[in-house]
Amino acid sequence: MHQIIDLFIHLDVHLTDAVQHYGIWTYALLFLIVYCETGLVVTPFLPGDSLLFAAGSLAALGAFGIWPLAATLLVAVFLGDVTNYSVGRFLGTRLFREGSRIFQRKHLDRTQGFYEKHGSKTLIMARFVPIVRTFAPFVAGVGKMRYARFLSFSVLASLLWVSVCVGSGFLFGNIPVVKGNFSLVVLGIIAVSLIPAALGFLRSRQG
């Protein structure tokens with residue numbers, strides 16, 4: 001049981017072993033983890049950017065078909081967003097009671113702060129920010145964002161996230177210096193993706 005939990009939580013590290021042991025079923029495992037990471041507010045700790053990057057690098061070696069992989073991840077992200085939005089819309093802040101260890105209010109407040117600064121664009125920018133990306137669709141539901149508007153931003157954010165992370169892994173993930181500094185590369189991807197948000201924040205402060 002411990003090995004299964006470790007595989008689930010750290011699939012980005014064990015992805016090569018998973019492909020060897022589970023073959024085509026690894027697609028289902030990727031789908032499940034990405035869906036949970038984006039769709040359930042109780043699992044923001046699951047791998048996101050690093051998992052997509054690792055999957056892209058293995059696709060470059062032929063372990064995955066790049067298009068089936070991208071399609072699997074896009075569907076998982078989209079369905080996760082829709083689930084999260086629906087939970088937020090119908091259950092709202094009732095889940096986030098003071099003192100709750102599972103539904104921590106600080107994560108909800110952090111995401112609400114993103115919305116106050118960046119509006120609906122939060123769904124795009126938050127996609128590249130761990131934890132915040134898990135709560136962004138939920139907060140959109142709590143705030144009763146129009147469903148059509150939510151879907152349009154969600155689709156765009158999903159396309160960007162999967163394209164950047166999987167594409168980076170596919171193109172650069174097997175270069176020795178990149179492979180040897182995997183965690184730093186993922187942090188670099190996140191940092192670069194946050195530049196537009198940072199610039200927008202600075203402009204709002206100056207205005």
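Helix 4 is largely enclosed by the rest of the structure, because eleven of its twelve residues are buried, where buried means under 20% relative accessible area, exposed means over 50%, and partly exposed covers the values in between (1.4 Å probe, protein chains only). Helices here are DSSP runs of H or I with at least four residues, strands are E runs of at least two, and both are numbered from the N terminus. The structure is a predicted model, in which local features need pLDDT of at least 70 and side-chain atom pairs count only at pLDDT 80 or more, whereas totals for chains, interfaces and linings use all residues. Residues are numbered from 1 along each chain as its sequence is written, and side-chain values use heavy atoms, with hydrogens and water left out.

Helix 4 covers residues 49-60 and reaches 17 Å from its first C-alpha to its last, close to the 16 Å expected at 1.5 Å a residue; the expected span is 1.5 Å times one less than the number of residues. Among its buried residues are Asp49, Leu51, Phe53, Gly56 and Leu58. Just after the helix comes Gly62, with a positive phi of about 95°.

Charged pairs come next. Side chains of opposite charge can pair when their charged atoms come close. A salt bridge is counted when a side-chain nitrogen of Lys or Arg lies within 4 Å of a carboxyl oxygen of Asp or Glu, and by this rule there are three salt bridges. In one of them, Arg133 pairs with Glu37, and the closest N and O atoms are 2.9 Å apart. Arg133 lies in helix 8 and Glu37 in helix 3 (residues 26-39), so this pair ties together parts that are 96 residues apart in sequence. Arg133 also meets Asp49 in a salt bridge, at 3.0 Å from N to O. That pair again links distant parts of the chain, with Arg133 in helix 8 and Asp49 in helix 4, 84 residues apart. These side chains sit away from the surface: Arg133 counts as buried at 2% relative accessibility, Glu37 at 1% and Asp49 at 5%.

Another salt bridge joins Asp81 and Arg127, whose closest N and O atoms are 2.3 Å apart. Asp81 belongs to helix 5 (residues 66-91) and Arg127 to the loop between helix 7 and helix 8, so the pair ties together parts 46 residues apart in sequence. Both Asp81 and Arg127 are buried. Through shared partners, salt bridges join Glu37, Asp49 and Arg133 into one network. For Arg127, the relative accessible area is 2%, and its loop runs between helix 7 (122-125) and helix 8 (132-142). Phe138 is found in helix 8 and is buried, with a relative accessible area of 0%.

Rings of Phe, Tyr and Trp (its six-membered ring) pair if their centres lie within 6.5 Å; planes under 30 degrees apart count as stacked, over 60 as edge-to-face and the rest as tilted. By this rule the count comes to five aromatic pairs. The rings of Tyr27 and Phe64 have centres 5.3 Å apart and planes at 75°, so they form an edge-to-face pair. This pair links distant parts of the chain, with Tyr27 in helix 3 and Phe64 in the loop between helix 4 and helix 5, 37 residues apart. Both Tyr27 and Phe64 are buried. Phe31 and Tyr35, by contrast, form a stacked pair, with 6.4 Å from centre to centre and 0° between the planes. Because they are four residues apart in helix 3, Phe31 and Tyr35 are separated by about one helical turn. Phe31 counts as partly exposed, at 28% relative accessibility. Elsewhere, ring pairs link Tyr85, Tyr147 and Phe150 into a cluster.

Ile175 lies in the loop between helix 9 (147-172) and helix 10 (176-179), and at 34% relative accessibility it counts as partly exposed.
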